Amino acid sequence: MILMESNKLRWGLCYAIFISLTLSSLVRDLGVSAEGVNPHEAKQLRDEVREMFYHAFDGYMNNAFPLDELKPLSCQGEDTLGGYALTLIDSLDTLALLGDRESFTSSVQWIGKNLQFNINKTVSVFETTIRVLGGLLSAHLIASDCATGMRIPSYDNELLVLAEDLARRMLPAFDTPTGIPYGSVNLMYGITSTAGGGTLTLEFGVLSRLTNDPVFEQVAKNAVRGLWARRSTLDLVGAHINVFTGEWTQKDAGIGTSIDSFYEYLLKAYILFGDEEYLYIFQEAYGSAMHHLHKDPWYVEVNMDSGAIVWPVFNSLQAFWPGLQVLAGDVDPAIRTHTAFFSVWKRYGFTPEGFNLATLSVQYGQKSYPLRPELIESTYWLYKATRDPRYLDAGRDFVASLQYGAKCPCGYCHITDVELHKQEDHMESFFLAETVKYLWLLFDLAVDSDNLVDNGPYKYIFSTEGHLLPLTPQISLAREHCSYFGGYCPRNATKFEQSNDDHQVPEIELDHHSNIYPYHESFPVTGLIKGLCPRLSHAQKYGLSYVLPEKTEREDVKRPKPVITSRSIVLVSDQTVEKRPQEEGFTSESEPIMSISGGGSSSDQTGQELTLLESETDDKRVYSS
Ligand code: DMJ
């Protein structure tokens, strides 16, 4: 008890120092003015972000292409994944979003003609899926659809063919007793090694619905089931699992490193596919995370069985969580957590990979900022939800840090040490796929929102790599259509598929409860199914709405925080989340974390056990997943 009290005191003191350092460093390090971002400045910032994109993209194309990634200090290239022009593939839908028809078209055409996956290389299943498969699929969906305004007339499904080929090469990785895939796979021989995965549902599910081959969706869903079946009695999952025995080899449960997108894909798979199994798992998993991991406004890592805190660390991958919470409709804790996470950014000008909540300092061995998007992503979602101008101010801080600290001759450099602002000669492809994309979207929302995502023909889900996956009927309503054709109608009913005329569509009963796999062999995959379920528009079926203020005008960016009307697609069932008044600035009144056991360096955290299981374990892999 005494120990607890003294811990509490120490925490209180540390926290106070932290807050005051945070506030002073804000002014000292970044020179941020007290004035908010006005509409004119928002437009300037949006244009500056566009220039940032081209500085990095052109730097890649001129110095590194067709190698995977750019070394922006030395202006060279390097193969970091499979040697297949990774950065170009990861950049495709950002090019489309920026309205760059010429570069989008030439890039798609080059990839269609030159890319092949018959490569004798062992690659990470997770990274290949989210960066390459996701990049190809989102670009395919844009290039093949005139509603996007970016259709390429000569395009003949080349990227979809490539995506299917790539996914088939990854299928052997799922051939494990648990259904949970290996961490990596050899593209030519199907030799697999190491554990990992469980966040592949969006890309594999979209591919199944575009190719009418259920195998991809099945294996990815099976992997999620395999992981969830092994959850602890607290409904928590650990960080690493042996895919043969199903034993957890790293039992630290958290929302960041190694687990983050597991949560993300549960909710997003539900939104995109309407499969309620994902929603059910998400609600259980989210409720448990909020109960056991949330130390308002921070999150800790705990032992998945006992719930004891093992890592009182904010790791930068956690910063996607407030964005996910917006999508889930749980906005109040998202606001508080974003404020806390952003205070770390302001203190250092970047977020370190790890920030220790007990010592209130950068976690030993986790000093770098590899251009990660997560905090910016959440800032975009919170601005979208609240239109609170503080998020534009945060955006301006992000731009300032990147421009002054990370910009280097041919692109943007990793920061090896957020305290020294030392640059490293590397630029991850996700800088162009995500970091710049979310920044640009943030300012575009404040200017005119006239972009594919916010004002396009479809609602979009972002993959964990920021790739755009649209809620088209072909993807989102495939289940209902297929159930209908397979379950209720004679085969010749498929003649209706060629019709765009709603009047020819018979009244149908949709089988929402069927567990029968949705695909029917005669189900053709064309873009012509629009209108077949006239009673199930996107809005009706998914009603994907965020927490939005009244229709905003341009001058809204000047306005103080509007009254928030909360609407959401998902009602999170967790009743244990205590609602607190919204924090202002950095004066969080949350209780400091009291129970601390464990600690240590990044390498301690991943440990030898992990090294043995994951042959490709290196800093990048550990922090990327
Ligand atoms: C990206 O590859 C994805 O966002 C992934 O989910 C996590 N790691 C990086 C960005 O930090």
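Tutor: Beyond its neighbours within four places in sequence, Leu 375 is in contact with Ala 319, His 338, Phe 341, Phe 342, Trp 345, Thr 351 and Phe 398. The model is predicted. Leu 375 itself belongs to helix α13, which spans residues 374-386. Its relative accessibility is 4%, and because buried means under 20%, Leu 375 counts as buried.

The account now turns to a sheet and the helix packed on it. Three strands form an open sheet in the order β13-β14-β15, and their pairing is antiparallel. Strands β13 (313-315) and β15 (361-362) are the edges; each has a single partner strand, so one side of each has no neighbour in the sheet. Helix α12, residues 331-348, packs on this sheet and touches β13, β14 and β15, with its direction at about 100 degrees to that of β14. Strand β14 covers residues 354-356 and is joined to β15 by two bridges, the two strands running antiparallel. Within this pairing, Asn 356 has Ser 361 of β15 as its bridge partner.

For the setting as a whole, the chain comprises 21 helices and 21 strands. It has 625 residues, of which 62% count as buried. Of the contacts between residues at least 6 apart in sequence, 72% join residues at least 24 apart. The accessible surface of the chain is about 23,400 Å², with 51% belonging to carbon and sulfur atoms.

Definitions and conventions: Residues numbered from 1 in each chain as written. Predicted model: local features only at pLDDT ≥ 70, side-chain atom pairs only at ≥ 80, totals over all residues. Heavy atoms only, no water. Pairing = 2+ DSSP bridges. Helix = DSSP H or I, 4+ residues; strand = E, 2+ residues; numbered from the N terminus. Contact = heavy atoms within 4.5 Å. Axes fitted to C-alpha atoms, helices over the stretch in contact; angles between N-to-C directions. Buried < 20%, exposed > 50% of the residue type's maximum accessible area, 1.4 Å probe, protein only. Areas by Shrake-Rupley, 256 points an atom, 1.4 Å probe, with all protein chains shown as cover.
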